[in-house]
Amino acid sequence: MKQPVTVLGLGAMGAALARAFLDAGHPTTIWNRTPGRAPELDQLGAVRADSVGQAVAASPLVVVCLLVDATVHQALDGVDVRGRTIVNLTNGTPEQARATAERFAGARYLDGGIMAVPEMIGGPAAFIFYSGPEAAFEEHRDALSALARPAYVGADPGLAALYDIALLSAMYGMFGGAEHALALITSERIPASAFTADFLLPWLTAMLGSLPQIADTLDNGAAPGAAGSNLAMQAAAYDNLIDAALAQGVDPMLLRPMGDLMKRAVAEGHGDEDSAVTVRLLSSAS
Ligand code: FVH
């Protein structure tokens, strides 16, 4: 008999999580603010609770996947969570996660960050960060493995959100660059699909290969100078990116901050270093 689980929230992601638990054979109780959402789960054997309190009472493991942090507090306001393990997979900040952990002090609270879109849940590429009491994570590791590869990152409940937001920030920065590239290319009516397959994806993949070197510089403090692509050279060429965008009628709003940061690094005497120095400038900004 697999461990019974409850899923609160049956949006695109919550429904995918519930489906993965059902596929793995977990007796699954579901609840959603708007009744009747994700009707396919009923055919798969889910038990639909009439109230959030009834749903929480049904299982020792309660997975919450609502829109934002405030909705978690609204939905669970006044609900008795004592004796439950609450796993909150709703997107939020580290500070929100720590505050929510205090709010659920009567329960064991794990915060999580889902690194997947709904279609990836239950598949090999999906992973989920967890943080909070390690014993609670270990007790439920098997059940949580039905959703995605679990990655426990520490006892501080804010850590999973920090990892999550770090990866989302990297993704949005990368997409911002790619979207700008596509705006340039389509400004000349060049087909976006062929450009993406033949050049954009291979180029980004190759360039991502420089990340371990930057990370090594950050970890080990050594900044021996950039091998073949120092910051002074990059900053000098960067004006061309802005000028070309303007000439093509493309707004360079996504590119400008990166150029400003590189120029600052050069002005502060780091022209012969690699991009690790810009990480340090960002970290010291606050
Ligand atoms: N979908 C994705 O690609 C991403 C992947 C990474 C993780 N995110 C986060 O997952 C959370 C849920 O996202 P979702 O895709 O399920 O979102 P929706 O389909 O919009 O469903 C939202 C659910 O939240 C319920 N809800 C909203 N407000 C309240 C409230 N005040 N009280 C109770 N429930 C509430 C909503 O219920 P209803 O509108 O059907 O009544 C849905 O169940 C999210 O944090 C993503 O950032 C997804």
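Predicted model: local features only at pLDDT ≥ 70, side-chain atom pairs only at ≥ 80, totals over all residues.
## Helix pair α7 and α8

On the α7 side the contact is formed by M174, A178, A181, L182, I185 and T186, which meet A192, F195, L200 and L204 of α8. By class, this contact of α7 with α8 comprises 9 nonpolar residues, 1 polar residue and no charged residues.

## Helix pair α10 and α11

Helix α10 covers residues 231-248 and helix α11 covers residues 256-267; their axes come within 9 Å and cross at roughly 150°. Angles over 145 degrees count as roughly antiparallel, and α10 and α11 are therefore roughly antiparallel to each other. The crossing of α10 and α11 is left-handed.

Helix α10 contributes L231, A232, Q234, A235, Y238 and I242 to the contact, while α11 contributes R256, G259, M262, K263, A265 and V266. The residues of this contact of α10 with α11 divide into 8 nonpolar, 2 polar and 2 charged.

## Helix pair α11 and α12

Helix α11 also packs with helix α12, which consists of residues 276-283; the axes of α11 and α12 come within 10 Å and cross at roughly 100°. Since angles of 65 to 115 degrees count as roughly perpendicular, α11 and α12 are therefore roughly perpendicular to each other.

The contact involves L261, M262, R264 and A265 of α11 together with V277, T278 and L281 of α12. Its residues comprise 5 nonpolar, 1 polar and 1 charged. M262 and A265 of α11 take part in the contact with α12 and also in the contact with α10.

## Ligand shell

The ligand is surrounded by 22 residues, of which G11, M13, R33, T34 and N91 are the closest. Helix α1 (12-23) and helix α4 (69-75) each supply at least two residues of this shell. By class, the shell around the ligand contains 11 nonpolar, 9 polar and 2 charged residues.

## Annotated domain

An unreviewed UniProt entry lists residues 5-150 as "domain: 6-phosphogluconate dehydrogenase NADP-binding". In the model, the span of residues 5-150 is 36% helix and 23% strand, and its end C-alpha atoms lie 16 Å apart.

How values were computed: Residues numbered from 1 in each chain as written. Near = placed C-beta within 6 Å. Helix = DSSP H or I, 4+ residues; strand = E, 2+ residues; numbered from the N terminus. Nonpolar A, V, L, I, M, F, W, Y, C, P; charged D, E, K, R; others polar. UniProt positions renumbered as here; feature names shortened; annotations may be inferred. Contact = placed C-beta atoms within 7 Å. Axes fitted to C-alpha atoms, helices over the stretch in contact; angles between N-to-C directions. Parallel < 35°, antiparallel > 145°, perpendicular 65-115°, else oblique. Left-handed = near helix turned anticlockwise from the far one by under 90°.
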